[in-house]
Amino acid sequence: WPRWLDVVAGNWAVNGMTTYSTGLPLAITNAQNNSNSFSNVQRPNISGDAMLSGGRPTQQKLAQWFGTAVFTQPAAFTFGSAPRVLPNVRRDGVRNSDFSLFKEFKFSERLRAELRGEFFDIFNTPQFAAPGTSFGTSTFGVVSAQANTPRQVQLGLKIHF
């Protein structure tokens, strides 16, 4: 290539990585243990499906991640009927794409420079933290935080001599 074309279009490299995964199932516990079973964990009763439609607006999802009305306090000296984890109610999954772009400039046989741009979570997709899973608390079913960091951009220059 001519020198001017090599400076503009030569020695580029591109990397990318995308991760998609479903969230972990939620384990619901009871804030008040009245079973007297010498354990600090008790599960509430469940009387239906706690899964809500995924097609709701984001603000509604954050305010009520799952159906909280299907849970009730067990009677004294009894155990709750909720399973250890709810198989169809999960925390938010991971949808992340990272991207990097590199350009190498050769000045001589021994001297070269590498300019890099790295973009973490390039599409700035939020991953919400797990909702409150302790029945009987004010945060039960509410998502109040973000689990990942927003988009980050990192630029670098490396000189090889």
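Residues are numbered from 1 along each chain as its sequence is written, and side-chain values use heavy atoms, with hydrogens and water left out. Because the model is predicted, local features need pLDDT of at least 70 and side-chain atom pairs count only at pLDDT 80 or more, while totals for chains, interfaces and linings use all residues.

To start with the sheet, helices (H or I, at least four residues) and strands (E, at least two) are DSSP runs numbered from the N terminus, and two strands pair if DSSP finds at least two bridges between them. Strands of a sheet pair through backbone hydrogen bonds, either parallel or antiparallel. Here, 4 strands make an open sheet in the order E1-E7-E8-E10, and the pairing is antiparallel. Strand E1 (12–21) and strand E10 (152–160) are the edge strands, each pairing on one side only. From one strand to the next, the twist averages 10 degrees, with axes taken as lines fitted to C-alpha atoms (for helices over the stretch in contact) and angles running from 0 to 180 degrees between N-to-C directions.

Strand E7 (residues 94–106) runs antiparallel to E8, and 8 bridges join the two. A hairpin of 5 residues links E7 to E8. Leucine 101 has glycine 117 in E8 as its bridge partner. On to the next pair: strand E8 (residues 112–120) is joined to E10 by 9 bridges, again antiparallel. Alanine 113 has isoleucine 159 in E10 as its bridge partner, and glutamate 118 stands opposite glutamine 154 in E10.

Glycine 10 has a relative accessible area of 4%, so it is buried (under 20% relative accessible area; exposed is over 50% and partly exposed in between, with a 1.4 Å probe and protein chains only). Apart from neighbours within four places in sequence, glycine 10 is in contact (heavy atoms within 4.5 Å) with Trp1, Leu5, Lys103 and Glu104. Lysine 103 also lies over the face of phenylalanine 105, 4.9 Å from the ring centre; a charge sits over a ring if NZ of Lys or CZ of Arg is within 6 Å of the ring centre and within 35 degrees of the ring normal.

Next comes the nonpolar core, a set of buried Ala, Val, Leu, Ile, Met, Phe, Trp, Tyr and Cys residues joined through side-chain atoms within 4.5 Å. The largest one has 14 residues, and Ile28, Ala50, Phe66 and Phe71 touch the most other members. Leaving out neighbours within four places in sequence, alanine 50 is in contact with Phe66, Gly67, Val70, Phe71, Leu86 and Val89.

Rings of Phe, Tyr and Trp (its six-membered ring) pair if their centres lie within 6.5 Å, with planes under 30 degrees apart counted as stacked, over 60 as edge-to-face and the rest as tilted. There are 5 aromatic pairs by this rule. Phenylalanine 66 and phenylalanine 71 form an edge-to-face pair, at 6.1 Å centre to centre with 80 degrees between the planes. Phenylalanine 66 counts as buried because its relative accessibility is 0%; phenylalanine 71 does too, at 4%. The rings of phenylalanine 135 and phenylalanine 140 have centres 5.5 Å apart and planes at 85 degrees, so this pair is edge-to-face. Both of these residues, phenylalanine 135 and phenylalanine 140, are buried. Phe66, Phe71, Phe135 and Phe140 form one aromatic cluster.
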